[in-house]
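Open the model in your viewer and keep the selection tool at hand. The stops below follow one boundary inside the protein.

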Amino acid sequence: MLKNVRTGSSTLAGFILAEQRHFPTATGDLSLILEQIAFAAKIISWEVNKAGIANIVGATHSSNVHGETQQKLDVFANTKMITALDHLGLLCGMASEEAEGIIPIPDKYPKGKYIIVFDPLDGSSNIDVNVNIGTIFAMFKKPSGTVGEAVPQDFLQCGRSLVAAGYIVYGSSTMLVYTTGRGVNGFTLDPSVGEFILSHPDMTIPETGHIYSVNEANFSKWDSITQAYVEELKNNTETPYIARYIGSLVADFHRNLLKGGVFLYPADTKNPKGKLRLMYEAIPLAYICEQAGGRAIDGKRDILDIIPDAIHQRTPLIIGSKRDVERYLQITEDNRAEKKKGSKKT
Ligand code: AHG
Ligand code: MN
Ligand code: MN
């Protein structure tokens, strides 16, 4: 698919344009939105890089809709995403982790056919300690037959309807990874020219990995299936696993996408519905993961099959290498069969 593209010689803008040609009815709207996200990402990246020296680290005095203390960079990233996108005339509504309701397109701008959801800064508790953070986004089309400003119901689409998803990880370099449903491609920001350059064409996740990523301090709060699954990974003598957990979903996912492995944030007694957000964390990464050959589930269903009830809905998430995720399903199935057998005996 990417045979004619030379790594290191294609800018993101050039790549997006080339990709657009594969969609004969494309208007260029989606391409422009992606380029504007890349523009916001460059500004956020710059601010993240100087977080240690500028007076930007530390908490603000406000809380977001989840009652969490917002970091200054959360607010900054949220504003940059909104102002990069709201005036294009291509979107009909936005939703962000940092805003309670949907973010309307100001009256003075025309409305377009796309809806965007984003987590402007993921892993923000890591800002003050100089650890990787990121931005996650996903785009839908407004449901057919509806016009003008999007209403909350328009956002509640299942992940199979996505038209694009991606993330930016602000790490030792800044990388943008995205898909429009034709494979996954990664671009590294070259700070000397301020351009994202194709560095990881056609990304695929190994079918099975050797890394597991989970906040194991929650072990006693998990159900017996999750406990059995993690125990099995730890004691797998055939494929010895190592543990890696950053605490920034986007960075943990990115590592596992490149190297293979599984990330899980299961439900626990403290977060019975899971901690991560379905619409702007789980769904975008699930779409990317499936496009790269991996799988993402909530423990029972594929994340992309879930129809959200609310913009800020939470979900358990098990995501990564296909076989590793499917092993979780197998343990669940074995457990169910065992219980059934037991109840027949009594
Ligand atoms: P956010 O900074 O957007 O609120 O997300 C934080 C999330 C996610 O990035 C990470 O995987 C998870 O919280 C870490 O949670 P724990 O500290 O409970 O492990
Ligand atoms: Mn997040
Ligand atoms: Mn966030």
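**The domain boundary**

Domain 1 and domain 2 bury about 2,900 Å² between them, with carbon and sulfur atoms giving 65% of that area; buried area is the accessible area (1.4 Å probe) that two parts lose on being put together, summed over both. This is a predicted model, in which local features need pLDDT of at least 70 and side-chain atom pairs pLDDT 80 or more, while totals for chains, interfaces and linings use all residues. Residues are numbered from 1 along each chain as its sequence is written, chains are lettered from A and ligands numbered from 1 in the order written, and side-chain values use heavy atoms, without hydrogens and water.

Select 5–200 for domain 1 and 211–345 for domain 2; the bounds come from an automatic or database domain assignment. Their centres, taken over C-alpha atoms, lie 25 Å apart. Domain 1 brings 47 residues to the contact and domain 2 brings 33, contact meaning heavy atoms within 4.5 Å.

Next, select Leu156, Arg160 and Tyr167: they supply 22% of the area that domain 1 buries against domain 2, more than any other three residues.

Then show Arg277 and Glu97. They form a salt bridge, with the closest N and O atoms 2.8 Å apart; the term requires a side-chain nitrogen of Lys or Arg within 4 Å of a carboxyl oxygen of Asp or Glu. The count between the two domains is three salt bridges.

Last, colour strand E5 (133–141), one of the elements on the side of domain 1 that touches domain 2. E5 gives the largest share of that side, seven residues; strands are DSSP runs (E, at least two residues), numbered from the N terminus.

Key:
Helix = DSSP H or I, 4+ residues; strand = E, 2+ residues; numbered from the N terminus.
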